Amino acid sequence: MENLKIIYGFSHSQITELSSELSQLKYQKAIINVCAKSEEAKIEVHLSNLDKHKNSYDILFNKERAMSAVQREHLKQKEVEEKELVRQKMVKILEKNEQQTKAAAAIEDECVAIERECSSLMNRNKAIMKRLRRKLIETEDMRRELTKNRFCDN
């Protein structure tokens, strides 16, 4: 019986020791589970924060893209307006050039007509001057003759 007591005491101490180790293992397992859940929660929080940041950046990016598209459209519209202004200015310049060309042609025609008239008047004046010279010469000749005749009569 003493053997039994020893075996029982030995078995009881082993059982107590094993029970203690088992409790310790259960405690460690519970701690590990708590830590795992805590890490999972941290990961979820980090993922949630990353998603929020990504969504914020996506919203910001889309706003920037929309503003850029509006700005591009505004610049295109402005460019079209500027091209239209340049085209209108060119049309005005071409019209003005055409008017000036017509005016220059009219002035040239007028100059030619005036030159013809001047030439005609100059020829007429020359003819008149010739007649006047002849008359002046005739008159001078007559005066001399009259003067001679007076001197001769006296």
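Arg-143 and Glu-140 are separated by about one helical turn, being 3 residues apart in helix α1; helices here are DSSP runs of H or I of at least four residues, numbered from the N terminus. Salt bridges that share partners join Glu-140, Asp-141, Arg-143 and Arg-144 into one network. Within the pair, the closest N and O atoms of Arg-143 and Glu-140 are 2.3 Å apart, a salt bridge being defined as a side-chain nitrogen of Lys or Arg within 4 Å of a carboxyl oxygen of Asp or Glu. Arg-143 is partly exposed at 45% relative accessibility, and Glu-140 is likewise partly exposed, at 26%. Under the scheme used, buried denotes under 20% relative accessible area, exposed over 50%, and partly exposed the range in between (1.4 Å probe, protein chains only).

The structure is a predicted model, in which local features require pLDDT of at least 70 and side-chain atom pairs count only at pLDDT 80 or more, whereas totals for chains, interfaces and linings use all residues. Residues are numbered from 1 along each chain as its sequence is written, and side-chain values use heavy atoms, with hydrogens and water left out.

In total, the structure holds 8 salt bridges. One of them joins the side chains of Lys-42 and Glu-39 at 3.4 Å, N to O; these residues lie 3 apart in helix α1, about one turn of the helix. Lys-42 is partly exposed, with a relative accessible area of 45%, and Glu-39 is partly exposed at 41%. Another salt bridge links Asp-58 with Lys-54, their closest N and O atoms being 2.8 Å apart. Both residues belong to helix α1, with a spacing of 4 residues, about one turn of the helix. Asp-58 is partly exposed at 32% relative accessibility, as is Lys-54 at 48%.

A patch of positive charge on the surface gathers Arg-124, Lys-126, Lys-130, Arg-131, Arg-133, Arg-134 and Lys-135. Patch members have over 30% relative accessible area and no salt bridge, with like charges joined within 9 Å and nonpolar side chains (Val, Leu, Ile, Met, Phe, Trp, Tyr) within 5 Å. Arg-134 is placed in helix α1, which comprises residues 2-153.

Leu-136 is also found in helix α1 and is exposed, with a relative accessible area of 58%. Its C-alpha atom is separated by 130 Å from that of Val-45, 91 residues away along the chain. An unreviewed UniProt entry lists residues 97-149 as "coiled-coil region". Over residues 97-149 the chain is 100% helix and 0% strand, and the end C-alpha atoms are 75 Å apart.

Definitions and conventions:
Areas by Shrake-Rupley, 256 points an atom, 1.4 Å probe, with all protein chains shown as cover. Lys, Arg positive; Asp, Glu negative; His and termini not counted. Charge placed at Lys NZ, Arg CZ, Asp CG, Glu CD. Helix = DSSP H or I, 4+ residues; strand = E, 2+ residues; numbered from the N terminus. UniProt positions renumbered as here; feature names shortened; annotations may be inferred.
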